[in-house]
Amino acid sequence: MESRDDLWMLAGLPLRSRLIVGTARYPSVSVMLDALEASGTELTTVALRRVSPGSSQENLYDLLTARGFRILPNTAGCYTAKDAVLTAHLAREALGTPLIKLEVIADDETLLPDIVQLLDATRSLVREGFTVLPYTNDDPVTAKRLEDLGAAAVMPLAAPIGSGLGIRNPHNLTLIRSRVRIPVIVDAGVGTASDVAIAFELGCDAVLLNSAIARAQEPVRMARAIRHAAVAGRQAFLAGRMPQRLLADPTSPMAGRIDPNAAPIS
Amino acid sequence: MTHPESPESTPIIVVGAGVIGLTVAFELARRRIPVLVLERDHVGAGAAGVAAGMLAVVGEAEHETAELADLLVTSQRAYPAFVRELQHASGRDVGFVTEGTLIVGLGRDGEQELRHSQRAQDRLGLRSSWLTGDEARALEPHLGPRISAALLAREDHQVDPRALLPALAAATEALGGRVLTGTRVTGFDTTAGRLTAVVGVHQGDDRPFAIRCEAAVLAAGAWCAVGLAWPAAPVLVRPVKGQVVRLRGPAILRRVVRDTQVYLVPRRNGELVVGATMEDVGFDAAPTAGAVTDLLWQARLLAPAVYDLEIVEVGVGFRPAARDHLPTIGPTDVPGLYVATGHFRHGILLAPTTAVLLADLLVDDRMSPLLDRFRPGRFEAASRTAPSVDSR
Amino acid sequence: MNGRSDPSRGELRAAWVVLNGERRPAPATGLLTDLLATVGVTSDTPAVAIALNGRVVPRAGWAASRVAQGDVIDVLRPIQGGT
């Protein structure tokens with residue numbers, strides 16, 4: 001479904017699907033795997049936690065990699081740069097990937113990013129050779145700063161994490177897209193398929209989402225819908241939309257219409 | 001050498017004296033089949049001893065698929081008769097309370113969650129009534145002022161697992177079965193591929209035992225995944241940790257009250273059970289400050305009067321969960337060896353139906369079509385067809 | 001026995017460490033790999049990271065690492081997570 005000649009590059013990694021899908025909050029692991037397949041994603045996010053070993057014959061890593069999904073570890077739950085940097089190191093160690101979705105959260109009611117800590121953590125992790133994908137607010141200035149620090153992409157939010165409110169400030173996303181050269185990945189707040197289509201119509205390179213699929217009444221069907229929406233939005237962006245107008249512009253010519261008052265000419 | 005107390009042979013052995021194992025044993029004993037239950041610890045040492053005992057169908061609709069809804073509804077309808085027969089056979093009360101459940105919403109976000117739950121219920125053909133916050137408070141005066149809406153699920157009752165399990169053990173023994181605690185099963189003997197005996201060790205002195213049997217039912221919950229030498233493909237379950245706080249004091253609620261974060265289950269003995277976390281952390285049995293904080297914080301929003309209740313206990317249990325969160329019930333690849341585990345959040349509710357379906361299978365060789373989705377081998381077929389890394 | 005242990009803590013008492021928040025006897029050999037073996041983690045175990053007192057121990061360094069009385073060892077794995 002995704003076009004073969006419309007690959008996008010994430011820090012040198014060519015990807016066909018423009019969706020990055022989270023692995024949390026599904027009704028079950030089976031539904032998660034089916035939904036990931038249905039979304040067409042190639043890259044899935046995981047968190048890193050203490051787990052007592054030897055408790056189960058199945059583990060998430062094997063289930064995901066056996067199906068060919070690449071893994072993007074996150075630093076969810078980190079509230080300081082120090083915390084996030086340690087988690088990134090553990091993730092690189094556990095998963096053998098330099099990719100890190102960097103989240104440094106400011107408070108637990110809004111889950112909005114703490115920009116001061118985020119810039120600090122980005123600086124450290126870039127210096128230590130990580131491919132840093134920072135989750136940030138939809139501020140063009142911050143996005144530019146992150147690019148200047150060496151982030152591999154910027155991940156502005158559409159709305160708060162898990163809110164499903166959709167894209168609250170499309171203009172800021174347009175500004176971000178026009179001001180940085182690295183990929184712009186809309187992260188968090190997407191609620192349904194049309195939100196995804198809009199993100200791509202705005203020119204964003206990818207969308208990262210989780211709850212919109214996981215918490216739908218039918219996650220697998222929603223994953224499929226969102227895959228279609230991503231393709232639709234991206235194709236619409238590439239096609240280049242028509243200009244918007246205040247007043248109507250007729251699509252059929254005026255010339256050659258029949259005259260209802262036509263009378264016999266004497 | 002066998003233990004003096006353990007017999008050399010018995011027709012049917014059930015491994016695990018949790019709610020599933022004991023209910024299967026009770027059902028077999030009712031059918032006059034001699035049954036022996038082997039438990040490594042004590043009766044109810046696993047998940048059921050911590051469980052709140054909600055018999056929730058409507059309240060769990062959002063978590064469930066249509067596949068499980070049939071089994072949940074069947075079991076919920078079977079419960080009153082099951083309780084009646086169990087109380088008669090054991091001479092004990094099991095704390096069956098039939099006041100229903102209030103599912104409440106706090107503020108705008110809470111109401112939206114309720115609407116979402118109601119849509120999930122509709123899809124499964126389940127019904128509940130919508131109440132305003134004030135209507136809910138008229139039913140339960142201790143509900144907090146921030147509750148702005150509620151769903152009343154009239155059939156979501158509760159039972160007290162800490163009364164239920166001893167009653168099941170007593171009833172099984174009264175009907176001629178046996179429950180042997182302190183015996184840890186480590187594997188199974190087979191001859192020509194067929195189950196012939198259950199083997200293990202006695203806790204404490206580690207003396208081995210082997211008990212011949214015609215059939216065995218493995219009902220060891222999350223522990224089906226560990227410490228067992230499998231003669232067949234192992235049943236895949238993982239432990240999902242749940243922490244539960246038990247409070248005591250003046251009765252503040254009549255019925256179960258819950259939202260998407262927490263449930264409050266009032267017992268007739270004055271206990272209030274507040275649960276439960278869902279943690280994928282393996283067998284980590286430590287109760288944690290974070291879980292208690294989260295549970296009690298949310299409980300206080302639902303019913304502010306919990307503030308003054310006494311903390312009696314913080315319990316930790318491990319729900320057995322398969323990859324699809326559906327139970328695993330039925331015959332394994334080894335003739336004579338059966339499995340009943342993976343009941344996840346629904347062990348107490350699903351126990352009677354699980355037991356009847358399994359007893360039909362063991363005694364009459366009758367396989368209900370209801371069990372089709374819960375076959376032990378269902379994941380092997382799935383993993384064989386899964387695309388390989390290279391195919392992407 | 002172990003260069004990092006503090007004699008004032010009393011070498012005669014059984015030494016313990018904290019593994020994933022749980023107190024356990026320290027391995028007699030003092031080797032990290034022996035402690036990890038008790039929970040089934042070996043150098044071949046995929047997708048696992050080890051932190052010793054809040055610092056990452058790279059896989060290549062497990063064999064040479066020692067654990068002593070009071071050390072905090074965490075075994076981390078990927079779990080389901082999103083944004």
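What volume does the second largest cavity have? Let's work that out, plus a hairpin. The model is predicted, so to speak of local features takes pLDDT of at least 70 and side-chain atom pairs count only at pLDDT 80 or more, while totals for chains, interfaces and linings use all residues. Residues are numbered from 1 along each chain as written, and chains are lettered from A.

**Exercise 1.** Size up the second largest cavity and describe its lining.

*Solution.* Start with the term: a cavity is a set of points on a 1 Å grid over the protein atoms alone where a 1.4 Å probe fits but cannot get out, and lining residues have an atom within 4 Å of a point. Next, the lining: 12 residues, with G162(A), G189(A), V190(A), N210(A) and S211(A) nearest the centre. Strand β10 (206-209) and helix α8 (211-214) of chain A each give two or more residues to that lining. Finally, sort by class (Ala, Val, Leu, Ile, Met, Phe, Trp, Tyr, Cys and Pro are nonpolar; Asp, Glu, Lys and Arg charged; the others, Gly among them, polar): five nonpolar, seven polar, no charged.

**Exercise 2.** Describe the hairpin of β1(C) and β2(C).

*Solution.* First, the strands (DSSP runs of E, at least two residues): β1 covers 16-19 and β2 covers 22-25 of chain C. They pair (at least two DSSP bridges) in the antiparallel sense, over four bridges. Then find a facing couple: V18(C) sits opposite R23(C). Last, the turn: two residues separate the strands, and N20(C) has a positive phi near 50 degrees.

Conventions. Side-chain values use heavy atoms; hydrogens and water are left out. On a 1 Å grid over the protein atoms alone, a cavity is a set of points where a 1.4 Å probe fits but cannot get out, and a pocket is an open set with protein on both sides within 12 Å along at least five of seven lines; lining residues have an atom within 4 Å of a point. Grid points are joined across faces, edges and corners, and a volume is the space filled by probe spheres set on the points.
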